[in-house]
Amino acid sequence: MRFALPRYLKTADSMGFRTTATLAVFFLALAAVARAQAPPQTSTQAPAPSGNKDPNSLLASATAGNAQAQFALGDYYFNARYVTLDYAQALAWYRKSAVQGFAPAQNQLGLMYEHHLGLPQDDKPAVNYYRLAANQGYALAQYHLALMLEAGRGVKRDYKQALAWYRKAADQNLSGAEEELGYFYQSGLGVKRDYTQALAWYQRSASHGNSNAENQLGFMAEEGWGQPQNYAQALSWYHQASDHGNAQAQENIGYMFQHGTGVATDYAQAMLWFVKAAAQGDGDAANQIGWMYQFGQGVAQNNARALSWYQLAAGRGNLQGKRNLEDFTTDLEESGAVQSAAAPDHDAAFLQAERWDNVQDLRHRIDAVESDALYQEDLASQLEHMDKGKTDGVSKIFTVMGQVGALKYHALAAQDRDQAARLRDQLAQIENQSQSPLADRTP
């Protein structure tokens with residue numbers, strides 16, 4: 001597995017499926033054009049490339065020009081980027097493989113451009129690389145190209161083209177693409193809305209192990225879309241998705257217990273499921289925990305904990321968490337209780353959820369700093385070769401100028417690498433901490 005990337009459309013927060021009680025009616029209306037799911041783990045959808053993952057055994061073949069070995073070697077270094085200092089090696093080997101037209105390497109460079117991993121963030125070259133690999137029939141690249149078309153990133157938004165590429169990937173049993181086709185039929189994007197087709201695609205995707213599709217089948221059963229409303233079936237699908245690690249499904253189970261939807265209201269069960277989901281980065285769950293502490297649902301009313309959970313949800317980009325944080329802070333200010341609520345009151349569940357955020361933040365910062373270091377080295381290399389094609393006299397002048405400028409960029413790159421090393425040490429300390437039994441450790 002190489003990637004667990006964020007989605008830019010249709011995340012749980014973007015459609016606000018689970019909300020506080022005061023806005024439930026409003027958000028149920030929004031749910032008609034949105035989905036209840038966690039960001040899909042796109043990396044798990046790709047067929048694993050063959051080849052030995054031992055770098056020593058790969059090196060000879062990769063050096064001799066074997067594109068697949070070059071890609072596998074790039075994968076080795078990429079997967080180890082939060083542990084080792086060989087970040088640049090991943091990009092170098094991916095490039096060598098991609099130049100030979102190896103589709104998985106082209107797709108990987110697209111991901112690196114899209115997500116600022118060793119390359120400048122730039123959607124256009126990302127789309128170009130995805131298209132090169134997609135035109136060779138590589139299913140994961142077809143899926144990524146469709147995502148870009150759907151979101152209008154690096155290319156004009158085009159739902160029909162996105163649908164066509166999803167179909168190509170789905171024809172190769174790529175479960176993420178099958179799940180997307182279900183969403184397109186559910187929402188009427190580029191095609192007439194058809195819940196029967198949506199269910200069929202979600203079921204096919206779920207049969208291939210896609211937990212997002214399982215979660216979505218639960219949502220459709222809960223809402224009665226394309227079938228009679230069936231809370232027991234919804235809960236069954238949510239549990240199946242949860243067993244596969246889907247945080248949004250865990251949050252959905254918590255919501256059903258919180259509101260007595262198809263089950264007896266049970267705040268203790270609701271809190272248990274919200275804590276599981278929050279420990280995996282789910283912003284909706286963090287928001288719901290804040291709500292339960294604010295209003296004393298199954299727990300003692302606690303302004304400090306409510307404020308902390310709302311802040312955590314807002315920090316994860318959860319729109320409802322941001323609104324609740326603003327409204328709750330205003331209420332506290334008006335009542336004169338804001339200072340006492342600001343005092344930290346963190347239990348094990350909060351610390352576990354916060355640890356997840358810290359790990360993700362450090363990984364993001366390592367990627368960004370390493371990308372900056374590679375950029376500085378590229379600038380230095382350009383300056384060191386700026387005398388190419390000049391006459392002897394001019395060449396000497398440009399050589400001196402280039403060497404002076406290159407020294408500056410080499411120094412900046414070294415500073416970035418030192419910072420990345422410090423961040424790796426911080427990450428290792430957090431990841432080596434004993435894990436709370438409240439939730440499983442997430443990748």
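The model is predicted: local features need pLDDT of at least 70 and side-chain atom pairs count only at pLDDT 80 or more, while totals for chains, interfaces and linings use all residues. Residues are numbered from 1 along each chain as its sequence is written, and side-chain values use heavy atoms, with hydrogens and water left out.

Helix H15 covers residues 267-278, which is 12 residues. Helices (H or I, at least four residues) are DSSP runs numbered from the N terminus. From first C-alpha to last, H15 reaches 16 Å, close to the 16 Å expected at 1.5 Å a residue; the expected span is 1.5 Å times one less than the number of residues. Its buried residues (under 20% relative accessible area, 1.4 Å probe, protein chains only) are Ala270, Met271, Trp273, Phe274, Val275, Ala277 and Ala278. These pack against helices H13 (231-243), H14 (247-259), H16 (283-295), H17 (303-315) and H20 (348-384).

Two packed helices are described by the angle between their axes and the distance between the axes. Axes are lines fitted to C-alpha atoms, for helices over the stretch in contact, and angles run from 0 to 180 degrees between N-to-C directions. The axes of H14 and H15 come within 8 Å and cross at roughly 165°. The two helices are therefore roughly antiparallel, a term for angles over 145 degrees. Their crossing is left-handed, meaning that the near helix is turned anticlockwise from the far one by less than a right angle. Residues of H14 in contact (heavy atoms within 4.5 Å) with H15 include Ile253 and Phe257, and those of H15 include Trp273 and Phe274.

Helices H8 (residues 139-151) and H9 (residues 159-170) have axes that come within 8 Å and cross at roughly 165°. H8 and H9 are therefore roughly antiparallel, and their crossing is left-handed. Among the contact residues are Tyr143 and Leu147 of H8, and Trp165 and Tyr166 of H9.

Ala380 lies in helix H20 and is buried, with a relative accessible area of 0%. Leaving aside neighbours within four places in sequence, Ala380 is in contact with Ala406, Tyr409 and His410. The C-alpha atoms of Ala380 and Ala406 are 4.1 Å apart, although 26 residues separate the two along the chain.

Methods. Buried means under 20% relative accessible area, exposed over 50%, partly exposed in between (1.4 Å probe, protein chains only). Angles under 35 degrees count as roughly parallel, over 145 as roughly antiparallel, 65 to 115 as roughly perpendicular and the rest as oblique.
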